[in-house]
Amino acid sequence: RVPMKAWNFTEGHLGFPYPLWSLASLARLRKQIEWCDVVHLHDSLYLGNFLACRMARRMSKPIVVTQHIGEVPYKSRVLRGLLHAANRTVGRRVLGSSDRCIFISPRVRDYFQQFVRFREPPIYLPNGVDTDRFRPIPEEERAMQRKRLGWPDDRLVCFFAGRFVEKKGLPVLRSAATRMPE
């Protein structure tokens with residue numbers, strides 16, 4: 001892991017992440033791409049990923065992209081329009097120039113197949129779960145954990161893992177919390 005400095009104004013102010021890398025971080029990125037054998041990008045739209053793709057292509061390094069999202073039903077027509085345009089320009093360029101594209105969802109794959117010409121047929125590979133670490137626990141252990149945390153035995157407990165941004169369904173979470181404030 002190599003830490004990179006970035007400015008992410010958009011996430012806090014506009015509700016979507018788009019980190020802008022510092023020049024020093026872009027220089028470190030270039031050195032890492034020179035060093036590596038394969039460049040693996042997660043998503044096609046981030047500026048760092050777009051630049052990594054261009055650098056890797058110039059250095060004849062193989063590129064693999066795991067694409068997680070396609071369309072996002074933002075409430076804002078402007079955000080929906082920006083994402084649509086970005087997918088059809090930057091996304092198409094990154095995915096189309098990659099040696100292999102992996103999609104975690106058939107829906108996302110089908111969306112991009114409408115307008116991207118892939119070098120190789122894309123692969124559908126859903127996100128995996130480490131079942132040794134993440135598994136249902138025995139009822140006795142569950143009861144002990146609930147007691148330790150001060151949670152009642154007869155109430156539903158929900159867990160949210162993700163950014164607090166619109167595309168993660170925050171309106172649904174907010175609505176549920178309003179209906180069940182306890």
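**Ground rules.** I am reading a predicted model, in which local features need pLDDT of at least 70 and side-chain atom pairs count only at pLDDT 80 or more, while totals for chains, interfaces and linings use all residues. Residues are numbered from 1 along each chain as its sequence is written, and side-chain values use heavy atoms, with hydrogens and water left out.

**Overall layout.** I noted seven helices and six strands. Helices (H or I, at least four residues) and strands (E, at least two) are DSSP runs, numbered from the N terminus. In sequence order the pattern reads β-α-β-α-β-α-β-α-β-α-β-α-α.

I then checked the dimensions. The C-alpha trace spans about 60 × 40 × 35 Å along its principal axes. The radius of gyration is 20 Å, whereas a compact globule of 182 residues would have one near 16 Å. That radius is taken over C-alpha atoms, and the globule rule is 2.2 Å times the number of residues to the power 0.38.

I also looked at contacts, meaning heavy atoms within 4.5 Å. Of those between residues at least 6 apart in sequence, 53% join residues at least 24 apart.

**α2 against α3.** Helix α2 (residues 23-35) packs on helix α3 (residues 47-58) at about 40 degrees, with the axes 10 Å apart. Axes are lines fitted to C-alpha atoms, for helices over the stretch in contact, and angles run from 0 to 180 degrees between N-to-C directions.

I listed Leu26, Leu29, Arg30 and Ile33 on the α2 side and Gly48, Leu51, Ala52, Met55 and Ala56 on the α3 side. They divide into seven nonpolar, one polar and one charged. Here Ala, Val, Leu, Ile, Met, Phe, Trp, Tyr, Cys and Pro count as nonpolar, Asp, Glu, Lys and Arg as charged, and the others, Gly among them, as polar.

**α3 against α4.** The axes of α3 and helix α4 (residues 77-97) come within 10 Å and cross at roughly 35 degrees. Phe50, Cys53, Arg54 and Arg57 of α3 meet Val90, Arg93, Val94 and Ser97 of α4. I logged four nonpolar, one polar and three charged residues in this contact.

**Arg119.** I found Arg119 in the loop between α5 (106-113) and β6 (123-124). Its relative accessible area is 48%, so Arg119 is partly exposed. Apart from neighbours within four places in sequence, Arg119 touches Arg57, Gly96, Ser97, Ser98 and Asp99. I also took the C-alpha separation from Leu95, 24 residues away along the chain, which is 8.8 Å.

**Positive phi.** Most residues other than glycine have a negative phi. I looked up two residues with a positive value. Asp43, not a glycine, has a phi of about 80 degrees and sits in the loop between β3 (39-42) and α3. Ser60 has a phi near 60 degrees and lies in the loop between α3 and β4 (63-67).

Which of these is buried or exposed? Asp43 counts as buried because its relative accessibility is 11%. Ser60 has a relative accessible area of 62%, so I put Ser60 down as exposed.

Technical notes: Buried means under 20% relative accessible area, exposed over 50%, partly exposed in between (1.4 Å probe, protein chains only).
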